Amino acid sequence: MADDSKKKAEIKISGMHCASCALNIEKSLQDMEGVEDAQVNFGTEKATVKYDPDKLQLLELEKKVEDTGYGVVNEKVTIKVGGMTCAMCVKAIEDVLNKLNGVNQATVNLASEKAYVTYNPQMTSVAEMKDAIEDLGYEYLGLEGELDESEEERAREKDLNDKRNRLIVAFAFSIPLMVLMYSGVMLPIPMTYFMFLITIIPFIYVSYPIFTAAYHSLQNKALNMDVMYAMGIGVAYGSSLLGTFNIILTPDFMFYETALMLAGFLMLGRWLEARAKGRTGTAIKKLVGLQAKTATIINKEGVETQVPTEDVMVGNKVLVKPGEKIPVDGTVVSGESYVDESMITGEPIPVLKQDGSPVVGGTINQNGVLKFQAEKIGKDMTLSQIIKLVESAQGSKPPVQRIADRAVTYFIPTVLTIAIVAFIVWYLLLGSTLLFGLTVLISILVVACPCALGLATPTAVTVGIGRGAELGILVKDGEALETSGKLTTITFDKTGTLTKGKPEVTDIIGITTDDRSLLQIAASVERNSQHPLGEAMVTKAHDNDIELFDTEKFDTFGGKGVSAILNDEKVLIGNRKLLEENTIHITGDDEEKISKIEEEGKTVVLVATGDVLSGILGIADTLKEDTPTAINELKKMGLRVAMITGDNQKTAEAIAKKIGIEKVLAGVLPEDKSNEVKRLQDNGEIVAFVGDGINDAPALAQSDVGIAIGSGTDVAIESGEIVLIKDNLVDAAAGIQLSDKVMGRIKLNLFWAFAYNAILIPVAAGLLYPSFGIIFRPEYAGLAMALSSVTIVTLSLLLKGYIPPVKAKSS
């Protein structure tokens with residue numbers, strides 16, 4: 001007989017090379033507590049595991065496979081969900097999706113109304129997720145990308161119009177009825193019957209979505225805001241009916257207009273909230289809107305054909321005219337033009353593109369005609385990668401969200417308990433009227449708002465990460481946002497991060513010749529060399545429009561330098577050792593000049609013509625222009641700044657001194673950088689590492705927050721929680737400032753969400769009545785509830801205009 005308490009998982013594995021790999025994985029899985037049986041098939045690249053779900057989760061099994069050194073092949077999907085109203089809805093959908101056999105992780109964002117699901121396609125399907133969502137009573141609106149932008153906008157407009165129509169009907173009837181009640185106007189029929197006849201149809205129309213959602217929620221044994229609100233307006237309208245027909249209650253119990261107005265306030269709140277939430281995702285909409293719809297391709301005969309962008313193939317030659325969007329990523333093969341890349345990099349100045357320059361899809365060609373070869377299309381394009389990364393990040397939750405998640409679990413049962421206890425205390429213990437007791441009960445039920453708690457984090461994350469993308473700062477997940485606010489130390493790789501990553505001639509000191517002639521001699525010889533120092537001399541000569549001479553008998557001396565014949569005279573270029581071996585004397589004065597350059601952390605190159613020293617060149621990997629600004633800003637933020645480099649201590653300290661870095665870790669091999677980061681962590685530091693994302697991958701992965709700088713079009717790099725599109729150190733500081741700001745806004749939102757409920761629920765319970773005679777009428781409670789979630793969303797939307805202080809200064 002089958003054991004129903006056990007689950008069976010099928011895990012698709014990558015990275016197995018032989019049968020022993022399969023055995024290793026099998027053994028690792030079998031050693032886990034809770035695994036009854038594990039079999040790995042090398043041929044199908046699948047692991048079949050029978051396990052106890054009370055002791056293990058699918059996520060733990062997959063992590064074990066990854067810890068063994070192999071990959072797990074999962075799929076990710078973004079599902080659009082309709083009908084969510086509060087944090088309890090989010091929890092219900094997350095719980096039901098996470099219970100599906102094969103779902104690795106499911107997170108739901110109330111602000112964007114999307115579920116982000118990582119799942120094993122061998123074990124479950126989108127169809128099962130759809131059924132699970134619909135069985136809860138929510139709407140499955142399709143997968144991300146299934147509807148085009150215009151269809152999505154129409155669906156959103158339809159929903160907004162429906163909410164608007166219901167709230168208009170609610171207030172069009174309830175406000176005149178309230179005026180009529182207090183005006184004392186005599187009617188041909190009793191006021192109770194008149195109110196009943198006038199409100200019955202509007203009340204059913206306005207409250208239908210509330211009662212329907214509450215019914216579905218109770219069907220699934222879940223409590224959400226709709227249940228609470230339905231109870232509030234149900235008690236109000238139900239007691240009015242009983243009073244009208246003198247069943248138990250008297251005609252004094254008239255809440256007809258109150259019930260209708262409360263339903264109207266809920267619709268008002270949701271209408272305002274839906275409008276505001278629609279604006280939180282504008283960054284993604286902007287990015288999607290950048291995609292070109294068509295492209296002009298040129299065939300081998302030179303014929304131009306306009307095709308949809310999705311039909312462009314790798315290798316196609318694409319023509320872009322002035323004012324047109326570049327459809328896909330590629331490299332220019334002919335033409336010259338300035339291209340506006342601000343929508344990708346955040347850099348406002350157009351970039352010159354010519355033969356050999358890379359171009360990025362979604363950017364705008366300005367003034368010339370460009371022809372380029374398509375290299376990245378579809379999901380491989382930079383723009384597609386950015387959209388995917390931002391969407392994934394917006395679906396993540398920072399750890400601080402757990403506070404709200406825990407609070408929401410107990411929120412509604414607690415509110416219901418308070419409402420019932422308050423009614424019993426006032427009516428049965430304190431001897432108030434039944435009317436007063438019911439007023440208190442209704443006010444508590446309608447004022448309590450878990451929506452604000454549910455919206456506090458996701459709205460701020462969605463807007464903040466979207467704003468980062470607009471600034472060229474891609475934050476990969478919510479956890480990186482939170483950790484960035486706790487950093488104590490930020491470490492930098494030197495070469496290519498603090499410096500430009502290529503040597504430049506910084507000092508030219510002519511001794512027996514002038515500076516220009518010295519550079520001309522050195523560059524003429526070195527243009528035969530492939531050495532980076534030689535290339536620096538040639539580049540410097542070209543930059544100064546210096547004509548180079550032809551040389552003869554070029555020769556190299558490993559680790560020492562080069563020689564050649566120029567104008568019938570032997571030229572030596574290299575270090576001291578080369579000159580000493582050729583008996584060329586260096587005077588005391590010249591030694592002083594050499595030492596001074598070396599003390600600045602530069603490489604000294606000596607140039608001799610004939611048998612005398614002609615001059616000295618200083619060559620260094622120069623600092624980026626924005627490095628001092630970024631370091632200064634980070635120190636102002638209270639962070640300790642360190643530099644990790646493979647250079648010798650003297651050179652490293654010379655560079656560090658220039659930019660104000662006190663802690664220098666020199667002579668560190670690339671593979672040991674991660675060990676240095678770990679050493680700092682072991683001393684209690686929370687460390688960010690800033691590097692290039694490729695050579696520094698281990699250190700980026702080891703750090704608490706890895707910041708990959710200057711990735712340009714390669715935004716899909718695995719290492720690094722924050723990816724900077726531009727090669728600009730100021731953006732590293734800006735990324736941390738943005739993270740701080742978003743986390744600050746999340747905490748502010750959570751404070752107001754908790755404070756609102758903590759203050760208004762006791763007021764609604766009548767706490768102020770004995771001392772001040774203040775009672776919170778249900779109408780005011782409904783208005784306060786409607787405004788609470790709108791306030792939270794509005795606070796988050798203020799992030800849309802945020803400019804990190806360091807960016808404001810540098811611009």
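Predicted model: local features only at pLDDT ≥ 70, side-chain atom pairs only at ≥ 80, totals over all residues.
Residues are numbered from 1 along each chain as its sequence is written, and side-chain values use heavy atoms, with hydrogens and water left out.

**Entry 1: aromatic pairs**

I looked up Phe196 and Phe245, which form an edge-to-face pair at 5.7 Å centre to centre with 80° between the planes. This pair links distant parts of the chain, since Phe196 is in helix α6 (residues 191-219) and Phe245 is in the loop between α7 (225-244) and α8 (256-280), 49 residues apart. Phe245 is partly exposed, with a relative accessible area of 40%; the classes I use are buried for under 20% relative accessible area, exposed for over 50%, and partly exposed in between, with a 1.4 Å probe and protein chains only.

I then turned to Phe436 and Tyr769, a tilted aromatic pair with 4.8 Å centre to centre and 50° between the planes. Phe436 lies in helix α13 (residues 434-447) and Tyr769 in helix α26 (residues 769-772), 333 residues apart, and this pair too links distant parts of the chain. Phe436 counts as buried at 14% relative accessibility, whereas Tyr769 is partly exposed with a relative accessible area of 35%.

I also noted a cluster in which ring pairs link Tyr193, Phe196, Phe203, Phe211, Tyr237, Phe245 and Tyr256.

**Entry 2**

I traced an open sheet of six strands in the order β20-β25-β24-β23-β22-β21, with antiparallel pairing; two strands pair if DSSP finds at least two bridges between them. β20 (499-510) and β21 (552-557) stand at the edges with a single partner strand each, so one side of each is left without a neighbour in the sheet. The twist averages 20° from one strand to the next, where axes are lines fitted to C-alpha atoms, for helices over the stretch in contact, and angles run from 0 to 180 degrees between N-to-C directions.

Eight bridges join β20 to the antiparallel strand β25 (residues 612-623), and Pro503 stands opposite Asp621 in β25. Helix α17 (residues 515-526) packs on the sheet, touching β20, β21, β22 (561-566), β23 (569-574), β24 (603-609) and β25, and its direction makes about 130° with that of β20; contact here means heavy atoms within 4.5 Å.

Within β25 I looked up Leu617, which counts as buried at 0% relative accessibility.

**Entry 2: helix α4**

Which residues of helix α4 (residues 126-135) are buried? I found Val126, Met129, Ala132 and Ile133 to be buried. They cover an arc of only 120° around the axis, which puts them on the same side of α4, the arc being that of the directions from the helix axis to the C-beta atoms. Their cover includes β5 (75-82), α3 (87-98), β7 (114-119) and β8 (139-143). Just after α4, Gly137 takes a positive phi of about 100°.

**Entry 3: two loop residues**

I looked up Thr363 in the loop between β15 (358-359) and β16 (364-365), where Thr363 counts as buried at 1% relative accessibility. A polar atom of its side chain lies 2.6 Å from the backbone oxygen of Val360.

Asn74, in the loop between β4 (71-72) and β5, is partly exposed, with a relative accessible area of 24%. The side chains of Asn74 and Glu62 are joined by a polar contact of 2.9 Å, meaning a pair of N or O atoms within 3.5 Å, of which, within protein, one must be able to donate a hydrogen and the other to accept it, residues adjacent in sequence counting only if both atoms are side-chain atoms.

Methods:
Helix = DSSP H or I, 4+ residues; strand = E, 2+ residues; numbered from the N terminus. Phe/Tyr/Trp six-rings, centres within 6.5 Å; stacked < 30°, edge-to-face > 60°.
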